[in-house]
Amino acid sequence: MLEKEEVDSPHLEEMMNHYRGIITLLGEDAEREGLLKTPERVAKAMLTLTKGYHMDPHEVLCSAKFKEEYSQMVIVKDIDFFSLCEHHMLPFYGKVHVAYIPNGYITGLSKIARVVDIFSHRLQVQERMTLQIKECIQQTLNPLGVMVVVEAKHMCMQMRGVEKQNAITTTSDFTGAFNQAKTREEFMNLITYR
Ligand SMILES: [Zn+2]
């Protein structure tokens, strides 16, 4: 997972100024005690939440790519993620499930979670994040097939009361062997236990 180290950005100061301006435009007194350090905290939080722009998920997978004859389905389920929707910059969060069928190469299981972490720490839409995780694994490991399922709740829907408060949005994408309904079913059966 992403380390919580201090963020270091040449834009921090400028971002703080913008957030100070926004707080003022909202009708608040940016100089009152409780808000004095808020622009700095918000700027640092945003830099941390969008840290994925400076990380290369392909490199993460390639750095832990091992030759292995195993050719059954490998499943990593219930990977927690938190992201920001690019339309409202509000959180959407939930779980990612990944399955792939190796074609001579496997990767460390924690690396799949790292890939999810990197793509989720950018401004996203759930559909694109699903596709990007799928493509990254397909391109680096070249498996016989990969499938990604993402289940998420969107704060921009929940907080603004746009839809049912507890609606869960599910997206999925797949390649290769997962074009067969039977293979998809096997994966879906293994991740749905609720
Ligand atoms: Zn949104």
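Student: Across which strands does helix α4 lie, and at about what angle does it run to β2?

Tutor: The model is predicted, so local features need pLDDT of at least 70 and side-chain atom pairs count only at pLDDT 80 or more, while totals for chains, interfaces and linings use all residues. Residues are numbered from 1 along each chain as its sequence is written, and side-chain values use heavy atoms, with hydrogens and water left out. Helices (H or I, at least four residues) and strands (E, at least two) are DSSP runs numbered from the N terminus, and axes are lines fitted to C-alpha atoms, for helices over the stretch in contact (heavy atoms within 4.5 Å), with angles from 0 to 180 degrees between N-to-C directions. Helix α4, residues 109-120, lies across β2 (74-85), β3 and β5, and its angle to β2 is about 20°.

Student: At about what angle does helix α5 run to β6?

Tutor: Helix α5 spans residues 126-141 and lies across β2, β3, β5, β6 and β7. Its angle to β6 is about 155°.

Student: In what order do the strands form the open sheet, and which are the edge strands?

Tutor: Strands count as paired if DSSP finds at least two bridges between them. Five strands form the open sheet with mixed pairing, in the order β5-β2-β3-β6-β7. Two of these strands pair on one side only, and these edge strands are β5 (123-124) and β7 (169-174).

Student: How many bridges join β3 to β6, and which residue is the partner of Phe-92?

Tutor: Strands β3 (residues 91-101) and β6 (residues 145-154) run antiparallel and are joined by 10 bridges. The bridge partner of Phe-92 in β6 is His-154.

Student: Does β2 run parallel or antiparallel to β3, and to β5?

Tutor: Nine bridges join β2 to β3, with Ile-79 partnered by Val-96 in β3. The hairpin of these strands has five residues between them, and there Met-89 takes a positive phi near 55°. Two bridges join β2 to β5, where Cys-85 stands opposite Gln-124.

Student: Which residues coordinate the zinc ion, and with which atoms?

Tutor: Donors are N, O and S atoms within 2.8 Å of the metal (3.2 Å for Na, K and Ca); water is not among the atoms, so sites may look incomplete. The spacing of the donor residues in sequence is C-x2-H-x67-C. His-88, in the loop between β2 and β3, and Cys-156, in helix α6 (residues 155-158), link distant parts of the chain, 68 residues apart. At 2.1 to 2.3 Å, the coordinating residues are Cys-85 (SG), His-88 (ND1) and Cys-156 (SG).

Student: Is Cys-156 buried or exposed?

Tutor: Buried means under 20% relative accessible area, exposed over 50%, and partly exposed in between (1.4 Å probe, protein chains only). His-88, at 35%, is partly exposed. Because the relative accessibility of Cys-156 is 8%, this residue counts as buried.

Student: Which residue forms a salt bridge with Arg-128?

Tutor: A salt bridge is a side-chain nitrogen of Lys or Arg within 4 Å of a carboxyl oxygen of Asp or Glu, and the whole structure holds five. One of them joins Lys-95 to Asp-80, with the closest N and O atoms 2.9 Å apart. For Arg-128 the closest N and O atoms are 2.7 Å apart, and the partner is Glu-86.
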